[in-house]
Amino acid sequence: MGEALERAKTARNTAHDALQLQLAQVREDLAARGIGGRIADRAGEAVADAAEVANENKGIIAGTLAAIALWFLRGPIIGLVARLWESGGDDDDDHEDDDDDERNDDD
């Protein structure tokens, strides 16, 4: 049993040394380039990818932005159309009366 224990200790020490080596490499890597810098690099890559996709799909992006604008402006647009509809209906009634007056004048 003593020999098995020695082998287990040796395996444990080998694994511990490998872990310590990896940990030292990570610390050295982080010292060279901090976490903030890495996040900035990844964000820059994501923006570049998004710009590439946007350039390939300009029509879809324009249509989506137009739909969003119309959605947010739907209240004022509906109000404008309603006012135009109402004022347009009043103008048509006035013109019909004028036409009747002209017909009566010709008789």
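Reader: What makes Ile 60, Ile 61, Leu 65, Ile 68, Leu 70, Trp 71, Phe 72, Leu 73, Ile 77 and Val 81 a nonpolar surface patch?

Author: These residues form a nonpolar patch of about 1,000 Å² because patch members have over 30% relative accessible area and no salt bridge, with nonpolar side chains (Val, Leu, Ile, Met, Phe, Trp, Tyr) joined within 5 Å. Areas follow the Shrake-Rupley method with a 1.4 Å probe, and for residues only the protein chains shown count as cover. Helix H3 (58-72) and helix H4 (74-106) each give two or more residues, and H3 gives the most, with seven. The model is predicted: local features need pLDDT of at least 70, side-chain atom pairs pLDDT 80 or more, while totals for chains, interfaces and linings use all residues. Residues are numbered from 1 along each chain as its sequence is written, and side-chain values use heavy atoms, without hydrogens and water.

Reader: Why is the contact between Arg 7 and Glu 3 called a salt bridge?

Author: The N to O distance is 3.4 Å, and the definition asks for a side-chain nitrogen of Lys or Arg within 4 Å of a carboxyl oxygen of Asp or Glu; the pair therefore qualifies. Arg 7 and Glu 3 are four residues apart in helix H1 (residues 2-32), so about one helical turn separates them. Helices are DSSP runs (H or I, at least four residues), numbered from the N terminus.

Reader: How do you know that the charged end of Arg 74 sits over the ring of Trp 71?

Author: It lies 3.9 Å from the ring centre; the term requires NZ of Lys or CZ of Arg within 6 Å of that centre and within 35 degrees of the ring normal.

Notes. Patch = residues over 30% accessible without salt bridge, like charges linked within 9 Å, V, L, I, M, F, W, Y side chains within 5 Å.
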